[in-house]
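Trainee: Could you take me through the metal site in this one, slowly? I'd like a close look at that part and at what surrounds it.

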Amino acid sequence: MKKILILTAGFGDGHNAAARSLRDAIELLDDDARTEVIDLFADSYGVFNTFARKTYLGVVQYAPRLWGGIYSLLDKSPLVEKQLGNFTRLQGTLEKILAETQPDCVISTYPVYGHVIRKIYHHHHERPFRLITVVTDSITINSAWFRAPSDLFCVANEASAEVLRKGGVPEKQIRVLGFPVNPVFAEPVAELPAPVGDEPRRVLYIINTGKKKAGKAIDRLLELDHVHLTITAGRDAKLRAELIERTRKQSDRVRVLGWTNQMPELMMSHHLVISKAGGATVQEAIAARCPMIVNQVIPGQEEGNAELIWRCNLGAIGEKNREVAELVEKAFAKRAALWSEWRKNLRAASRPDAALRIAELILSEAGDDTPGRKAVKLFETAPERVMRSAPARNGNSDPAQMLLCDFHIHSNYSDGKLSVPEIVDFYGERGFDCICITDHLADPSRLLGKLSELANCTLGQEQVEEYFTVIERERQRAWRRYKMLVMTGIEFNKDGYTRKTSAHLLGIDLKAPVDPALDIPQIIEKIHEQGALAVASHPHIMKSEWGKNTLYLWENQEKFAPLLDAWEIANRNNIFNDIGLKRLPFIANSDFHKPKHIYSWKTLIHCQKDAEAIKDCIRRNEHVAITLYRDFAGALPNQGRHSFDSPATAHHLQDRLPLHVVNS
Ligand code: ZN
Ligand code: ZN
């Protein structure tokens, strides 16, 4: 088993993206490798880190010139160089982690780590592991990246390699392998042809920091003929609602998305992307061979990214709204001549399999080749074919065990705080056995309140398909990494004007979307057709920090008890005694929206770790129990967290389950 530690930091957008892509690629190539991604700034500096990150974002947003000044100061000052290795608490934590986990290979995606590692091993003859630095900047590369020693330096392109050579890094330590974008980019897809005549020009507009000017910029773009816009508004629900309203008259050629996990697919299905010059975004556009128009450049770190675009002629830069619209028009004029030139250059620059290539290098540095190791050739083997599929749904002969489950979890596809991959890691690290992600889907005819609430709180109709795709992808990853089952679910919101006319219904382990406009018995029927469970969420009176009570199903239990598979007997901190008294089938869930909601009621099921077996227990009301969950987090930081042991053995069931109510 190869043990690989990837160090990252949540500053800027390139480091975390690179770290996650490398982890995914390593796991695709080697079933046996254990990979940990750690942000030591988040771990050792806690509140300070949140503060530092906010300050960074604040400076970037309001005083980009000032940030440029800070960045170049960091590059030149010898004083700052001394400071770089001087992170006492971080050094202590890293030293402890290295001693505990004894990795074969350490990957740094943030320049500070090289300096800290040099300090830790200052008096040693040699380091007990290989160190690979993956440089996430392009062209304008801060010298902090290479002033500390590293066995190898991976860079995105030849121009970046040149910077390192000039900085004195020996040739044999430099590898030009591309920027580690998500391995999904390496899947072979048909290239989008140039749009001619009346064909739509599909333009992707990513809104990041320049929110104020986004509305006007979009108006300008819509003045152009044949431009079809997909806008991603990120986590800002209010902005999304405003943009839907603003473009309502042209809704046939405008799609406004919120947060999306599907950036690779979006970039590969659009002719142009308009965005600021963020490290990850620029590299993803290049990997997707999607020409880019840069509409904002943060001085310092992003200048290199923008320079890469114009130096290699992969798109253009226009910081004013008018310039951006003119560039789009120019790109598609004369049978898309300019656009075709950009596309041609992108083909030469694109390295969509960079993460897999770097992962191969990491694995070979981490130890000798083992028979379990698979080589991936460029474009010959798509990652999904390398991926192991989730466990067989039947024929499973594993013995029964006590499974810790949570069947009611919201992601940022509706009103939750975490993305689907973040939820999988959050529950996986805690050793859960089965989770179901259940974002809200509202009956469009019953939507109450302002438009912003609509965009804010529920899964958009146009995103339902993406939602299923993303959870399916994560289901496979969760099984590979944590041996945790992930189900797709939906919480159908049927909100009326009173609590007695309001109902929330969970569909658990769905295979396909169900129309939320159907009436409740019809929805239950559709859920059952898919072999999924229909469960009443929070059916009784509860103390809630947010919503109102939803009593319709309980008030009409004669009608619904025969139709439903189970009722929530507990929801987060509330427990509904009446459900128990009536001896109805039950489950208990977090109704998770943010990390602190993990401290709540959960379901325990004693059976094989298999989706069908679990659903069967719930339907039959057998081998089901509930438990009030408290974990180690907060009380004992770092305990068990930085271990390469499998999560299932790292946390013993009895450690995390202080109170059981068993029904068998
Ligand atoms: Zn609900
Ligand atoms: Zn809910």
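Mentor: Let's go through the metal site, then the helix and the sheets.

First, some ground rules: this is a predicted model, where local features need pLDDT of at least 70 and side-chain atom pairs count only at pLDDT 80 or more, while totals for chains, interfaces and linings use all residues. Residues are numbered from 1 along each chain as its sequence is written, chains are lettered from A and ligands numbered from 1 in the order in which they are written, and side-chain values use heavy atoms, with hydrogens and water left out.

Start with the zinc ion (ligand 2). Its donors are H408 (NE2), H410 (NE2), E491 (OE) and D591 (OD), at 2.0 to 2.3 Å. A donor here is an N, O or S atom within 2.8 Å of the metal (3.2 Å for Na, K and Ca), and since water is not among the atoms, sites may look incomplete. The angles between these four donor atoms run from 82 to 170 degrees, which makes the arrangement irregular. To count as tetrahedral, four donors need all angles between 85 and 135 degrees; four count as square planar and six as octahedral if opposite donors are over 155 degrees apart and all others between 65 and 115; anything else is irregular.

Along the sequence, the spacing of these donor residues reads H-x1-H-x80-E-x99-D. E491 sits in strand β15 (residues 485–494) and D591 in the loop between β20 (586–589) and β21 (601–607), so this pair ties together parts that are 100 residues apart in sequence. Helices (H or I, at least four residues) and strands (E, at least two) are DSSP runs, numbered from the N terminus. E491 has 0% relative accessibility, so E491 counts as buried; D591, at 1%, counts as buried too. Buried means under 20% relative accessible area, exposed over 50%, and partly exposed in between (1.4 Å probe, protein chains only).

Now the other metal. The zinc ion (ligand 1) lies 3.3 Å from the zinc ion (ligand 2), and E491 coordinates both. Besides E491 (OE), the zinc ion (ligand 1) has H504 (ND1) and H538 (NE2) as donors, at 2.1 to 2.3 Å, with the spacing E-x12-H-x33-H. H504 belongs to strand β16 (residues 503–508) and H538 to the loop between β17 (533–536) and α20 (552–555), a pair 34 residues apart that links distant parts of the chain. H504 and H538 are both buried.

What about helix α18 (residues 464–482)? With 19 residues at 1.5 Å a residue, α18 should span 27 Å, and its end C-alpha atoms are 26 Å apart, which agrees. That expected span is 1.5 Å times one less than the number of residues. Of the 19 residues of α18, 15 are buried, so the helix is largely enclosed by the rest of the structure. Just after α18 comes K483, with a positive phi of about 55 degrees.

Finally, the sheets. One open sheet has six strands in the order β2-β1-β3-β4-β5-β6, with parallel pairing; two strands pair if DSSP finds at least two bridges between them. Its edge strands, β2 (34–39) and β6 (174–176), each pair on one side only. Inside this sheet, β1 (residues 3–8) and β3 (residues 105–108) share four bridges, and I6 has I107 as its bridge partner in β3. Another open sheet of six strands, also parallel, runs β9-β8-β7-β10-β11-β12.
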